[in-house]
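Colleague: I would like to learn how to read a model of this kind, one feature at a time. Could we begin with how helices pack?

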Amino acid sequence: MDAKDILGLSKNSFPSLEKKSRPHKESQRKPDGISREVYALTGGLPSLMPSIDASHLKKKPPSNEKITWQWLPFTSSARKDNLQLYHWVRIINGVPPTGDYSFAKYNKSVEIIKYTEEEYEKYLTDPMWTKEETDQLFDLCERFDLRFVVIADRFPSSRTVEELKDRYYSVCRALLIARAPSPGDVAAHPVVKEPYNVSQEIERKRALSMVLSQTRQQERRDEEVLVEAKRIAELRMPAKAAEESQLAVASNPGAEVLERTVPGETAPSTLTDNAAILASLRTLRVYLRTYALDQMVQAASSSAGLRTIKRVEQTLHDLGVNLKPRVPTKAVCTEHLELRKEILTLLNLQKQVQYKEAEGSSFRDGSFCESPGTPKDRTFIPEFMSFGGERVAKKDHKRKGHGAPSPSAHKRPRKMKATDL
């Protein structure tokens with residue numbers, strides 16, 4: 001025994017010279033519209049951008065069109081200084097294009113409200129601002145399209161961006177309210193509806209600067225705090241859900257219990273079941289309201305049979321109500337569940353009425369007073385008065401032995417005569 005025997009190798013000292021068969025590669029057909037070089041470079045992977053149809057690349061212009069490119073001047077209506085610039089223009093059959101500059105439509109300017117001397121003296125006076133500063137502010141707002149960072153840089157006096165914004169929006173708000181026929185006409189305007197809050201804007205920027213100036217160590221510490229807070233909230237969630245379910249049960253101590261039609265069996269209250277279902281669903285944190293409604297419907301119908309559930313669904317169909325609400329809001333789901341409970345109560349009451357009517361009819365028929373098969377008009381005959389009773393009994397016994405029914409069971413007994421005494 002040698003090392004080859006231990007390793008399980010063949011004892012041939014020379015390796016086999018047979019060629020190993022290479023796995024056959026499946027040939028993929030090159031799609032149309034892509035060159036062979038591009039397809040070889042990409043390896044058959046789809047392109048990130050949609051490729052252009054080959055028919056568009058091979059499309060030639062009409063023979064009657066002569067296209068040239070010329071360096072021509074142009075002006076833009078978006079500029080107020082009538083500046084003349086040059087660009088390359090496509091000319092078809094020697095006719096240059098007419099009209100405004102194609103990119104002028106993308107220039108949007110802000111409409112700035114203007115005020116008069118009388119309006120300023122009557123509505124816009126402010127002890128912190130002079131009229132000259134207000135005029136300069138509105139001129140810069142019109143010039144730089146409300147870019148308040150640029151406006152604060154160009155403003156002659158030392159004013160912050162928040163102060164400039166507050167003055168501009170307060171003036172616009174006062175003018176809108178003063179010029180409107182009634183305050184209700186401009187109540188929906190954004191400037192009037194949501195006035196600029198200086199303190200909130202200052203606090204927002206301060207908090208943002210604190211977040212942006214944090215170090216990596218502080219960021220890791222904040223992440224650890226958030227993870228620990230999430231873990232504590234998840235640990236407290238079951239106890240909170242159990243407490244809420246107990247409060248829900250305690251707030252409705254007089255919940256009604258539905259009675260079933262069969263005596264001795266009652267349906268449990270669905271209030272505790274619903275509270276337990278909501279408590280269990282809160283552990284999921286995210287769930288559909290229709291799923292919660294299905295769970296409550298199953299809990300409410302757990303004591304009823306399959307036939308009763310089918311009758312409830314048929315009643316909903318007859319009333320034109322969907323088995324599942326189309327708009328499952330909280331109010332709609334609550335009303336849908338309440339309707340199902342009322343239908344189930346109605347069906348149970350109908351069954352109970354039928355049961356009571358059956359009991360009343362059986363009492364009226366007298367089936368509980370007499371045994372079945374007993375003749376109602378049979379006359380009682382004492383033993384000392386029937387001397388021929390033994391013979392009659394023997395005859396009845398013989399007839400019963402042959403399978404014939406006893407005549408006394410179907411005929412009335414004959415009247416006694418004087419000779420029988």
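Modeller: Thr134, Leu137, Phe138 and Cys141 of H5 are in contact with Leu164, Arg167, Tyr168, Val171 and Cys172 of H7. Contact here means heavy atoms within 4.5 Å. Helices (H or I, at least four residues) and strands (E, at least two) are DSSP runs, numbered from the N terminus. The model is a predicted one, where local features need pLDDT of at least 70 and side-chain atom pairs count only at pLDDT 80 or more, while totals for chains, interfaces and linings use all residues. Residues are numbered from 1 along each chain as its sequence is written, and side-chain values use heavy atoms, with hydrogens and water left out.

Colleague: At what angle do H5 and H7 pack?

Modeller: Two packed helices are described by the angle between their axes and the distance between the axes. Here the axes of H5 (residues 131-144) and H7 are 11 Å apart, at an angle of about 95°. H5 is therefore roughly perpendicular to H7. Axes are lines fitted to C-alpha atoms, for helices over the stretch in contact, and angles run from 0 to 180 degrees between N-to-C directions. Angles under 35 degrees count as roughly parallel, over 145 as roughly antiparallel, 65 to 115 as roughly perpendicular and the rest as oblique.

Colleague: What classes of residue are in the contact of H5 with H7?

Modeller: That contact has seven nonpolar residues, one polar and one charged.

Colleague: How do the axes of H4 and H7 cross?

Modeller: The axes of H4 (residues 117-124) and H7 (residues 161-179) come within 11 Å and cross at roughly 100°. H4 is therefore roughly perpendicular to H7. On the H4 side, Glu119, Tyr120, Tyr123 and Leu124 take part, and they meet Arg167, Val171, Ala174, Leu175, Ala178 and Arg179 in H7. By class, the contact holds seven nonpolar, no polar and three charged residues.

Colleague: Next, salt bridges. How many salt bridges are there?

Modeller: A salt bridge is a side-chain nitrogen of Lys or Arg within 4 Å of a carboxyl oxygen of Asp or Glu. The count by this rule is 14. One of them joins the side chains of arginine 159 and glutamate 133, at 3.0 Å from N to O. This pair links distant parts of the chain, 26 residues apart: arginine 159 is in the loop between H6 (148-154) and H7, and glutamate 133 is in H5.

Colleague: Are arginine 159 and glutamate 133 buried or exposed?

Modeller: Both are buried. Buried means under 20% relative accessible area, exposed over 50%, and partly exposed in between (1.4 Å probe, protein chains only). Arginine 159 also forms a salt bridge with glutamate 163, at 4.0 Å from N to O. Glutamate 163 has a relative accessible area of 35%, so it is partly exposed.

Colleague: What should I look for in the backbone?

Modeller: Most residues other than glycine have a negative phi, and most peptide bonds are trans. Aspartate 145 is not a glycine, yet has a positive phi of about 55°. Aspartate 145 lies in the loop between H5 and H6, and is partly exposed at 24% relative accessible area. The side chain of aspartate 145 also meets that of arginine 147 in a salt bridge (3.8 Å, N to O). Asparagine 93 has a positive phi too, near 55°, and lies in the loop between strand S2 (85-92) and H4.

Colleague: How many helices and strands does the chain have?

Modeller: There are 15 helices and two strands. Of the 421 residues, 17% are buried.

Terms used: Ala, Val, Leu, Ile, Met, Phe, Trp, Tyr, Cys and Pro count as nonpolar, Asp, Glu, Lys and Arg as charged, and the others, Gly among them, as polar.
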